[in-house]
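Me: I would like to go through the labels used for one structure and ask what each one rests on.

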Amino acid sequence: MISERNSVLHSWCVPAQWQAPTIVGGRGAHFWDADGHDYLDMSSLSECSNLGHQHPAVVKAILEQAERLCFITSAWGTQPRAELAEALLEKAGFEHGRVFFTVAGADANEHAVKFARQARGLAHGWIITRDRSYHGASYACMAFSGDARTHHQVDPELYAVAQVASPYAYRCPFASSSEIECGQRAVAAVADEIDRKGAESVAAVLMEPNAGTNGIVPPDNYWPGLRELARSRGVFLIADEVMSAFGRCGEWFAWQRYGDAGKPDLMTLAKGLTGAHLPLGAVVANENVARRLETQMLFTGLTYCGHPLACAAGMAAVRAYEDEELIERSRRLGGAMLVELKRLQQKHRLIGDVRGGHGLFAVMELVSDPVSRAPLAPWPQTPPQLTALVQKALARGVSFAVRGNLIILAPPLVIEERELSDALAFLDRLISEIESA
Ligand SMILES: Cc1ncc(COP(=O)(O)O)c(C=O)c1O
């Protein structure tokens, strides 16, 4: 079996240092390599394999669609695209809205911004985002993102993007004394920024409503606060649901935790949309935005907008979430996981904060001192202890994801309860080993 080691430029690493096994198969929460080593996936790869690996119904739908029709551009109609658009609008409660299909999350965010600007009649309207966030790695998405790894590559102002401080309650940039206060002040910071620019020149606020790669889980009052303020100023609210949707945060879409008080004007999807069986992204626009866009020329497109194979996978994925009650399952297991992680926090001085748990997504933040909250390594560096933890776990067949000082727990929603509790018990032991080293 040949390795990709000397031929592929891998992402988010020094390619010459890349060294990883060749994966040849998977099932449920597991995948395995060419040498027969099995790995329990505690991050759904990049928080995208929500349905587990090789979900039989999704694989079947792809095969059947491949037999019928692999591809047709969006100049023509096709059944899987129509069905999936209807299903997404129905799940979101976006009656009379419209869906624009993309290939992944970054192009979905770029298009959501394009559409918000067009619908507001502000071709260069300001977009307000957060200084700690992740929206993708294309140039415009690097400008939207507050990501310490890429901020030197792009000047957000050149993209008419203004970034504001984040609702990071554990290290609140507004020096708040409670989560709720941090949420309030973070919303006020968005309001101030809109007012400074002038609401008539701001097209949209683009933010992650819950889970995000940068490890922020906002306080409960944050998203409804943003909804309220965007509406009161006539600015669109875009929810980047690329990671947080399809059960990851215990709802179809994370904003649904707040009901109508959290309903955005546009939302972007990818990852769990097909459970990562094929690449697919989407922008879902509500009726108001759809009405403004549908009678204008849309000067945009992607060759693979709504690729039939990907849409067939998306439709099978939606059915699987429904039939297997995976959204509810994620909410239940996520709650139990949070309880266990909080117990570990009581036990280990190394664990400064635990957040999330609305579904199977939680963040553990490691510190060198729980009182001063001194980070184990300066953000965004990953401390050597965590790199070693990941290696040790892999050698024992468990794949954990880490970012900086954060351990991000986001297993497939189909993970067996026993597998989850064993993995958390294993993590407990690995953290004990770091503490006693
Ligand atoms: C919240 C969020 N938005 C956007 C993206 C970008 O998606 P993609 O990598 O599919 O372009 C990601 C990817 O991790 C994400 O987590």
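The questions below take the labels one by one.

Reply: First, the ground rules. This is a predicted model, in which local features need pLDDT of at least 70 and side-chain atom pairs count only at pLDDT 80 or more, while totals for chains, interfaces and linings use all residues. Residues are numbered from 1 along each chain as its sequence is written. Helices (H or I, at least four residues) and strands (E, at least two) are DSSP runs, numbered from the N terminus.

Me: Why is H3 called oblique to H9?

Reply: Helix H3 (residues 79–92) and helix H9 (residues 308–323) pack at about 40°, with axes 8 Å apart. Axes are lines fitted to C-alpha atoms, for helices over the stretch in contact, and angles run from 0 to 180 degrees between N-to-C directions. Angles under 35 degrees count as roughly parallel, over 145 as roughly antiparallel, 65 to 115 as roughly perpendicular and the rest as oblique. The angle of about 40° therefore makes H3 oblique to H9.

Me: What makes up the contact of H3 with H9, by class?

Reply: Pro80, Arg81, Glu83, Leu84 and Ala87 in H3 meet Pro308, Cys311, Ala312, Gly314, Met315 and Val318 in H9; contact requires C-beta atoms, placed from the backbone, within 7 Å. By class, there are eight nonpolar, one polar and two charged residues. Ala, Val, Leu, Ile, Met, Phe, Trp, Tyr, Cys and Pro count as nonpolar, Asp, Glu, Lys and Arg as charged, and the others, Gly among them, as polar.

Me: Why are H11 and H12 called oblique to each other?

Reply: Helix H11 (residues 384–395) and helix H12 (residues 417–436) pack at about 135°, with their axes 11 Å apart. On the same cut-offs, H11 and H12 are therefore oblique to each other. Gln385, Leu389, Lys392 and Ala393 in H11 meet Phe426, Leu430 and Ile434 in H12. This contact has five nonpolar residues, one polar and one charged.

Me: Why does alanine 75 count as exposed?

Reply: A residue is buried if 20 or more other C-beta atoms lie within 10 Å of its own, exposed if 12 or fewer, and partly exposed in between, with C-beta atoms placed from the backbone. Alanine 75 has 7 C-beta neighbours inside 10 Å and so counts as exposed. Alanine 75 is in the loop between helix H2 (56–68) and H3.

Me: How do you know that strand S10 is mostly covered?

Reply: Five of the five residues of S10 (residues 281–285) are buried. Gly281, Val283 and Ala285 are on one side, and Ala282 and Val284 on the other.

Me: How do you know that S4 and S10 pair?

Reply: Two strands pair if DSSP finds at least two bridges between them. Strand S4 (residues 98–102) and S10 have five, in the antiparallel sense. Arginine 98 has alanine 285 as its bridge partner in S10. Strand S9 (residues 266–269) is joined to S10 by four bridges, also antiparallel.

Me: Why do S4 and S6 stand at the edges of their sheet?

Reply: Seven strands form an open sheet in the order S4-S10-S9-S8-S7-S5-S6, with mixed pairing. S4 and strand S6 (161–164) each have a single partner strand, so one side of each is left without a neighbour in the sheet.

Key:
Contact = placed C-beta atoms within 7 Å.
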